[in-house]
Amino acid sequence: MDPEAGHSTAEADFTHIPVLPREVTTYLSFGDRPVKLIDGTLGCGGHSGLLLKAAPNARLLGIDRDEAALNRATKRLDFARDRITLVHGEFRDIYDIARANGFTEADGILLDIGVSSPQIDDPERGFSWRFDGPLDMRMDRSCSRTAADILAEAGEQELTHIFRDYGELHSAAKLARAVISHRKNGRFERTAEFAGFCEEVLGRTAPGKLPLPTLIFQALRIAVNDELKQLEDGLNGALKTLASGGRLAVITFHSLEDRTVKNFFRLAASSCVCPPGLPVCICGKRAEVKILTRKVVTAQEDELAENRRSAPAKLRVVEKL
Ligand SMILES: C[S@@+](CC[C@H](N)C(=O)[O-])C[C@H]1O[C@@H](n2cnc3c(N)ncnc32)[C@H](O)[C@@H]1O
């Protein structure tokens with residue numbers, strides 16, 4: 001499923017439909033208790049709104065690295081304005097942000113990793129090859145390195161790594177060499193220009209496969225926003241921020257990210273990491289969490305019919321011991 005495709009009417013007016021809404025509110029359900037919740041990827045406040053409605057005495061800390069998202073969420077969550085604290089920041093700093101705002105020992109944390117519909121659908125943000133716009137892709141526009149900068153400055157090895165590891169592109173090295181050799185003609189500045197160049201170099205996508213520009217733009221976006229490192233740090237920070245009995249729910253849209261979450265949860269849930277065959281445990285590791293989603297959770301048919309962008313979404317949840 002192409003995550004960039006599938007504009008519904010609701011998306012066309014720059015709103016974001018939260019994915020796996022039933023599943024998220026079931027795993028993070030607290031009734032009337034006066035709980036502390038953290039949404040580390042506030043976006044348009046879709047999930048936060050659902051959680052605040054389901055838990056009328058909850059307070060919620062919302063974090064996003066995109067100022068435009070915070071503005072949108074402020075409006076959407078106005079009904080709960082006395083119960084929310086919204087912060088511009090990165091979820092890799094979740095523990096420090098929580099501590100500064102009285103949200104450590106949180107009861108529930110949600111990370112819905114990736115980009116929101118308004119980000120993808122706004123040509124000026126440069127996330128999509130389907131609309132012409134500047135090759136930007138920064139979620140936080142105060143950061144310095146854009147996608148155009150990476151294409152103009154990164155070495156062949158770094159470009160190959162980005163296209164191969166983040167885009168899972170077979171011809172990563174070929175594209176990296178072509179980008180470098182194109183530099184004598186000037187910088188790529190526009191999404192349409194770069195998407196056209198990719199198709200010239202790699203040919204058109206085979207029928208039934210994800211469009212090559214989708215894979216390549218996704219790879220650049222992950223690199224621009226350092227998304228995998230953010231995720232690793234964010235998972236560690238979130239675990240540290242949770243109260244005992246608190247729950248961490250993570251939604252991903254990319255296989256590399258899902259693998260990162262799955263492995264992190266497995267390790268956190270294991271009580272011994274000694275090499276096999278030792279007669280007694282010498283590592284001293286204790287399980288920190290219980291995994292609540294033995295099988296990864298994905299969208300049901302009725303949700304897919306309403307919101308095609310939920311197709312790649314994968315949810316995993318743990319509870320801190
Ligand atoms: C998929 S959207 C979240 C949508 C949200 N759950 C909703 O229902 O409206 C992801 C959001 O996370 C933000 N984001 C991505 N990485 C981030 C990070 N490392 N720190 C903070 N925010 C991040 C993006 O700017 C985007 O607004």
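**A close look at Arg 92**

Analyst: Arg 92 counts as buried, because 21 C-beta neighbours lie inside 10 Å and 20 or more are enough for that label. Please keep in mind that this is a predicted model. Once neighbours within four places in sequence are left aside, the contacts of Arg 92 are Gln 230, Asp 233, Gly 234 and Gly 237. Take Gln 230: 138 residues separate Gln 230 from Arg 92 in sequence, yet their C-alpha atoms are 5.2 Å apart in space.

Let's step back to the sheet. E3 belongs to an open sheet of seven strands, ordered E3-E2-E1-E4-E5-E7-E6, with mixed pairing. Strand E3 (84-88) and strand E6 (289-291) are the edges; each has a single partner strand, so one side of each has no neighbour in the sheet. From one strand to the next, the twist averages 15°.

Now follow the order towards E6. Strand E5 (residues 242-252) pairs with strand E7 (residues 314-320) in the antiparallel sense, over six bridges. Within this pair, Val 250 has Arg 316 in E7 as its bridge partner.

Helix H3 (residues 46-54) touches strand E1 (36-39), strand E2 (59-64) and strand E4 (106-112), and its direction makes about 175° with that of E2. Helix H13 (residues 255-269) touches E5, E6 and E7, and its direction makes about 20° with that of E7.

H3 also leads us to the ligand: H3 and E2 each supply at least two residues of the shell around the ligand. That shell has 22 residues, and the closest are Pro 18, Thr 41, Gly 43, Gly 46 and Asp 66. By type, the shell divides into seven nonpolar, nine polar and six charged residues.

H13, for its part, leads us to another buried region. In helix H8 (residues 156-166), the residues Leu 159, Ile 162, Phe 163 and Tyr 166 are buried. Seen down the axis of H8, its buried residues fall within an arc of 110°, so they line one face of the helix. Their cover includes H13, along with helix H9 (172-182) and helix H11 (212-224). After H8 comes Glu 168, with a positive phi near 50°.

Terms used:
Residues are numbered from 1 along each chain as its sequence is written. This is a predicted model: local features need pLDDT of at least 70, side-chain atom pairs count only at pLDDT 80 or more; totals for chains, interfaces and linings use all residues. Two strands pair if DSSP finds at least two bridges between them. Helices (H or I, at least four residues) and strands (E, at least two) are DSSP runs, numbered from the N terminus. Axes are lines fitted to C-alpha atoms, for helices over the stretch in contact, and angles run from 0 to 180 degrees between N-to-C directions. Two residues are in contact if their C-beta atoms, placed from the backbone, lie within 7 Å. A residue is near a molecule or strand if its C-beta atom, placed from the backbone, lies within 6 Å of it. Ala, Val, Leu, Ile, Met, Phe, Trp, Tyr, Cys and Pro count as nonpolar, Asp, Glu, Lys and Arg as charged, and the others, Gly among them, as polar. A residue is buried if 20 or more other C-beta atoms lie within 10 Å of its own, exposed if 12 or fewer, and partly exposed in between; C-beta atoms are placed from the backbone. The arc is that of the directions from the helix axis to the C-beta atoms.
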